[in-house]
Amino acid sequence: MTNTHINRSTKAVWAGEKEYRAFGATQVPVVHSVAYTYDDLDHWYDVATGKKEGHIYGRNTNPTLQSFEEKIRILEDAEAATSFSTGMAAISNSLATFLRPGDRVVSMKDTYGGTNKIFTEFLPHMDIDVSLCETGNHEEIEAEVRKGCDILYLETPTNPTVKITDIERMTKVAKEVGALVFVDNTFATPINQNPLEFGVDLVIHSATKFLGGHADALGGAVCGRKDLVERIFHYREINGATMDPMAAYLMIRGMKTLHLRVRQQCESAMKIAEHLQNHEQVDQVFYPGLKTHPGHDIAAKQMNQFGGMFSFSLKGGMDAVRQFLPKLEYANRAANLGSVETTVGPARTTSHVENTPEERAALGIPESLVRYSVGIEDTDDLINDLEQALASLPKTASVQN
Ligand SMILES: *Cc1c(COP(=O)(O)O)cnc(C)c1O
């Protein structure tokens, strides 16, 4: 199913499944078997050496995982895709496949916390130089790439202030110096953004978030050119960050409703962000759908919708956040995002817990910033829930701390 005139919503439901069904069942089976049996030793040998199709051992390949990989591959319009136990495994394995001592990575300050740790804590020990630019400062990224770069690593929109980077413009400069371009597309999902269209080499997902969508399975995926994905697959099959078959099944099931969930989440995010922008207790609202957001025009150019994530700060500072968050009835106060349930958390205990207050300030993250991952609940119910929680705050709260 590679037909380009099939819409992504239809692909999300059907793609990658038929080839992996068995017994006439309408759903893909969860193949838990670790190994596969062969009576004919020559056949076994041919499969083991890649001459014939088939499976040998679960760390290498598994039919349920392949069905998930095929679904995400088709949704990203990629030549190939492979899967991982987590999003971080997808990121670390992809970087490790291509980086060698002496190489140079250019990225940005606002990448996902785990990714930032790879850049600041682990890669430097392997003699890999990492240059982290101000997120959204396109001139700085261009200048750093032109100094020499093996991998340009982007994430857009970012956590937690949903900053936007121009994928097409950044990919162009990376190609000038022969760098590979990776984009973490977790926040946008393939419904809202398809980085491969802009010449990006590899798209990475934490499937744990929007793809699975139900906060009940961990997983990751990488999509892109076949020759590159095959090398990453080989690294993964040997190093062992393999997805669990049950998780793959939950991803497949979750992705069938991806377009519906994301549509509702984007619609609600826009309405709620607009609503909060005018609220007396709210200081700032960060959402790329708002015309006041610095990345709005770029987001409008490269995204189909503006996403289900936004953040906002309260005039009453951290004291207000402490009072306000527990009052929300229809939100989990948790570190996750992209689920059917609304999920909230302060940036300083979720995405940027490792940073000092000074570092957060330097990153433009107010101490009282609340990250809001919109679920699929009714929009008005979410607005009313926020209203009642904000109404509980003292009227005079206007001190910044
Ligand atoms: C959560 C997340 C990751 C890491 O994914 P895990 O599945 O938790 O390992 C990477 N990038 C982004 C943008 C994320 O939100």
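Helix α9 (residues 226–239) lies across β1, β5 (180–184), β6 and β7, and runs at about 20° to β1. Here helices (H or I, at least four residues) and strands (E, at least two) are DSSP runs numbered from the N terminus, contact means heavy atoms within 4.5 Å, and angles, which run from 0 to 180 degrees, are taken between the N-to-C directions of axes fitted as lines to C-alpha atoms, for helices over the stretch in contact. The model is a predicted one, in which local features need pLDDT of at least 70 and side-chain atom pairs count only at pLDDT 80 or more, whereas totals for chains, interfaces and linings use all residues. Residues are numbered from 1 along each chain as its sequence is written, and side-chain values use heavy atoms, with hydrogens and water left out.

The strands β1, β5, β6 and β7 belong to an open sheet of seven strands with mixed pairing, in the order β1-β7-β6-β5-β4-β2-β3, where two strands pair if DSSP finds at least two bridges between them. The edges of this sheet are formed by β1 and β3 (129–133), each of which pairs on one side only. On average, and with direction ignored, neighbouring strands of the sheet are turned by 20° against each other. Within the sheet, β6 (residues 202–206) and β7 (residues 220–224) pair in the antiparallel sense over five bridges, and H205 has A221 in β7 as its bridge partner. Helix α3 also packs on this sheet, where α3 touches β1, β6 and β7 and its direction makes about 130° with that of β1.

A further open sheet, of five strands and again with mixed pairing, has the order β8-β9-β12-β11-β10. Because β8 (282–286) and β10 (332–333) stand at its edges with a single partner strand each, one side of each is left without a neighbour in the sheet. Strands β9 (residues 309–314) and β12 (residues 369–373) are paired in the antiparallel sense over five bridges, with R371 in β12 as the bridge partner of S311. Across β9, β11 (343–346) and β12 lies helix α13 (residues 317–324), which runs at about 120° to β9.

An N or O atom in the side chain of D184 is 2.7 Å from a nitrogen atom of the ligand, a polar contact being a pair of N or O atoms within 3.5 Å. Taken alone the ligand exposes 380 Å², of which the protein buries 93%, as computed by the Shrake-Rupley method with a 1.4 Å probe.

Most residues other than glycine have a negative phi, and most peptide bonds are trans. P157 is found in the loop between β4 (151–155) and α7 (167–176), and P160 lies in the loop between β4 and α7. D77, although not a glycine, has a positive phi of about 50° and is found in the loop between α3 (63–75) and β1 (80–84).

Key: Polar contact = N/O pair within 3.5 Å; in protein donor to acceptor, adjacent residues only side chain to side chain.
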